Structure formats: C-alpha cells, structure tokens
Amino acid sequence: MELFRDVKIDWLGKKWYFLGFSLIFSVAGILSLLFWHGLPQDVDFRGGTVVRVRFDQQPNVDHIRAAADKAGIKDVRIQTITGGGQATTNEVIISLAQSANEASLDQGRATILQTLEANYARGGAANQGKLDLDNVGQGTLAGWLAEKDPEHLGTTDAAQQHYNQQAEAIVGYRNTRSGLIDSIDNLSSVTTPAVLNEFKQDAYLSGFAVRNVEIVGPQVGAQLKKQALLATLYSLAGMLVYLWFRFELIYGVAAVVAVFHDTLITVGAFSLTNKEISLTVIAAILTLVGYSMNDTIVVFDRIRENLRLTRREPLADIVNRSINQTLSRTVLTSGLTFLTVLSLYVFGGEVLHGFSFALVIGILIGTYSSIAVAAPMLVAYQEWRQGRGRAAVLPAAKKARV
C-alpha cells in the first residue's frame, strides 16, 4: 500500500530545524537529569518495599500518607492505580524508599501493614482477636478451621483435608472478587452452614486487602541497575558491529548515534515528567532500540540501492529521494505501531504505564531520528571528508567521481 506518490520533500534542506529540535529535547533532558529530577528509579533499582492494597471504597491518599507519617514511615510514596484513565479501581501502591539492609526492609513492610490495620480495619475493639477474612492466607485459614472444628469432625487426616478444601474454596472465591469479600453471607455458596456460622461469630471483613508485597534489597537493586545498563550498551555495540559488516562503518555509527539520541530523549522525558524507571521501562527501551534500528536500516537500504543505480547525482539528492521513497512504509508502520502503544498507554492501567509511556515517546522519536538524524549524518560525514580532500567512503559516491 502506497500513501504518497512522487513525494519530493527536501529533508536535508531542513536539517538545521531538525538539529534545533533534537538539541532542545536532548539538552532539556540532560539538564533535568543533572539538576532537576535526576534519574527517577523504581524500587527495582533503588531497593525498597512496595505494597499493593485494594480497598472496598475509594481510598483517601492523604489519609494514608498522614497515617504513615504518624507511624514514622518516611519517604513513602502513595500512588493511586487507575483503570482506563479513571481512579476507579480502589487500589493504591505504597512504596517505601531504600533501606539500609534486609532487616529494615522487613520492618518497613510490617510497619505499613500495621498502619493499614490500625487505620482501616473495621470494627475496632469488637473484632479484637477475630480472623480477618480479607487478608488471611489459605494455610492459616485451614489451620484456623481445623482448630475451631465447626463441623465436629475431630482431628483426623480426613477432617484436615476437608478444612483444607474449605479454605481453598474460600480463598478462590475471594480471588474472583479482586481480593475482597463483599459479605460473609455470600460465602454460603462455597462453604458449609456450620463454617459460615463460625465465621459470623469469630471472623470479620476488614474492608481492605493486601494484594501483593514486593521487597528488593539495595544490593539486588544495584545489581539490576548494572545489568540494565550493560544490556543497553551491549545491544548498541552489537548493532554497530552488524551494520559495520552489512553496510559501511559510517552507516553503523550514524545508526547508533541516532538510537542513542532516541534513548537519551526517552530517558530525559522520564526525568522531566518525574516518572520512575523500572525493569519494564528498560524492556521498553530495549524494544525501542530494536525498532528504531530497524526503521533506520530500511532507509539505509534504500540509500545503498539508489547509490548503486546513480553515478553522478549528489549524495544529498539521493538521500532525499530514498527517504521519500520509504515514506509511505514509514508512516504506515510507525503510525499503526504508535496507535497500538497509545491504546496501551491510555487503557493499559497503572502497571503498564511506564512501559507504554516509553514506547509512545520512543516510537515518535525513533521514526523521527531515522529520517532527520541518521540519514543526514551520512551526508554530513561525506561533506566533511570531501572538504578535507579525502576520498569518499560511500561506494556509489566513489563511482560518482569517476
């Protein structure tokens, strides 16, 4: 499918505008990295504790933060999880900053859970000593039922197995309700009347559920950071070598510079917007590196093909024509990919927010750089060599002077 026919855009004639655009965004990102937000890092890299909690009603973030401050939890970050752009999930992510060692991380997690229990558990003294059905684990629930023995089955293995099955059914029912049980009476569909009566007497619903707890130690975070940096550098080096063998060294250098430009602007966007970089964001950046490189190779392939067919045409004209000839393919491929990642960004939810944000920025910048950064670099390098009386390095340019 061809969107544009006989396009004659002078891309090289606009190189100073492109240079200005790239400089503005690159310098803004660097300044933010150096003097403003720095490099915001997720718990994956800086170490810490992350607790994901779901409430039965819309939680008051300021109330949670005040309770955490009162409990002595410093540097806590509370983030509301949104669904489809709306804060309707009743879930928050509570992040505790890096601690000195594993013991303090465990203490931080325990303090967060105690703070939630003290401020959000229902019933107060009336539920003192009762079982919290919203947060009890399956093993603890099975043991509790075996101890209470509401069906008078005794202490046989068959009785223990029966209560294990009861606990599994109750936890399974709770999971189908996103971790929260609406009412103890609703458990009648998965448990026996005797167990249900026991719950009404000695159990309660706290109104919140801890969905997930993650702890990353500082040493693990530092190791992950190093591995993420090495993975990005190795991918760039590998692509440079590949392009060196497939084309010429200058092609590889131009492509790597363009991809580095894309990565710098994307990371700068995270710093400017103070969005944290996590392992999923690193995965998105590596995806961006591959996507941008592929887009650049398509343009380079057409340039090389036209260089072989043309002997005396200036290199700038060949590059312009090559970009215009691949413009339909670039717009279709990048446009459809952009719509996909944009949908992921808007509707993907909080968990995929960083990943999709990196791809939204990366697809735009990667497409731009393959046209406005990589290809013009070939012409600039050629002109630089010719200005110093050196031989051209691009094969067809050599032929052009024959």
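Predicted model: local features only at pLDDT ≥ 70, side-chain atom pairs only at ≥ 80, totals over all residues.
Trainee: Why is Thr 367 called buried?

Mentor: The relative accessible area of Thr 367 is 14%. Buried means under 20%, so with 14% Thr 367 is classed as buried. Thr 367 lies in helix α13.

Trainee: What makes the pairing of Thr 367 with Ser 334 a polar contact?

Mentor: The side chains of Thr 367 and Ser 334 approach to 2.9 Å. The cut-off for a pair of N or O atoms is 3.5 Å, and therefore the 2.9 Å pair falls within it. Ser 334 is itself one of the buried residues of α12.

Trainee: Which residues is Thr 367 in contact with, leaving aside its neighbours within four places in sequence?

Mentor: They are Tyr 291, Asp 295, Thr 330 and Ser 334. Thr 330, like Ser 334, is listed among the buried residues of α12, together with Leu 327, Ser 328 and Val 341. The buried residues of α12 pack against α10 (279-309), α11 (315-325) and α13 (353-387).

Trainee: How do you know that the span of α12 is close to the expected one?

Mentor: Helix α12 covers residues 327-347, 21 residues in total, and reaches 29 Å from its first C-alpha to its last. After α12 comes Gly 349, with a positive phi near 85°.

Trainee: Which residues does UniProt list as "transmembrane region"?

Mentor: The unreviewed UniProt entry gives residues 16-36, 228-245, 251-272, 330-348 and 354-381. In the model, residues 354-381 are 100% helix and 0% strand, with end C-alpha atoms 36 Å apart. Residues 16-36 are 95% helix and 0% strand, and their end C-alpha atoms lie 28 Å apart.

Trainee: What makes a space a cavity, and how many of 30 Å³ or more does the search find?

Mentor: A cavity is a set of points where a 1.4 Å probe fits but cannot get out. The search of the whole structure finds one of 30 Å³ or more. The largest cavity has a volume of about 40 Å³, and its lining includes Ile 64, Ala 68 and Leu 116. Helices α3 (61-70) and α4 (102-120) each give two or more residues to that lining, the largest share, three residues, being from α4.

Trainee: Which residues lie nearest the centre of the largest pocket?

Mentor: Of the 26 lining residues, Asp 42, Gln 79, Ile 93, Glu 350 and Val 351 lie nearest its centre. The largest pocket holds about 770 Å³ of space. Elements supplying at least two lining residues include β1 (48-55), α10 and α13.

Definitions and conventions: Residues numbered from 1 in each chain as written. Heavy atoms only, no water. Helix = DSSP H or I, 4+ residues; strand = E, 2+ residues; numbered from the N terminus. Expected span 1.5 Å × (residues − 1). Buried < 20%, exposed > 50% of the residue type's maximum accessible area, 1.4 Å probe, protein only. Contact = heavy atoms within 4.5 Å. Polar contact = N/O pair within 3.5 Å; in protein donor to acceptor, adjacent residues only side chain to side chain. UniProt positions renumbered as here; feature names shortened; annotations may be inferred. 1 Å grid on protein atoms, 1.4 Å probe; cavity = no way out; pocket = protein on both sides within 12 Å on 5 of 7 lines; lining within 4 Å. Points joined across faces, edges and corners; volume = space filled by probe spheres on them.
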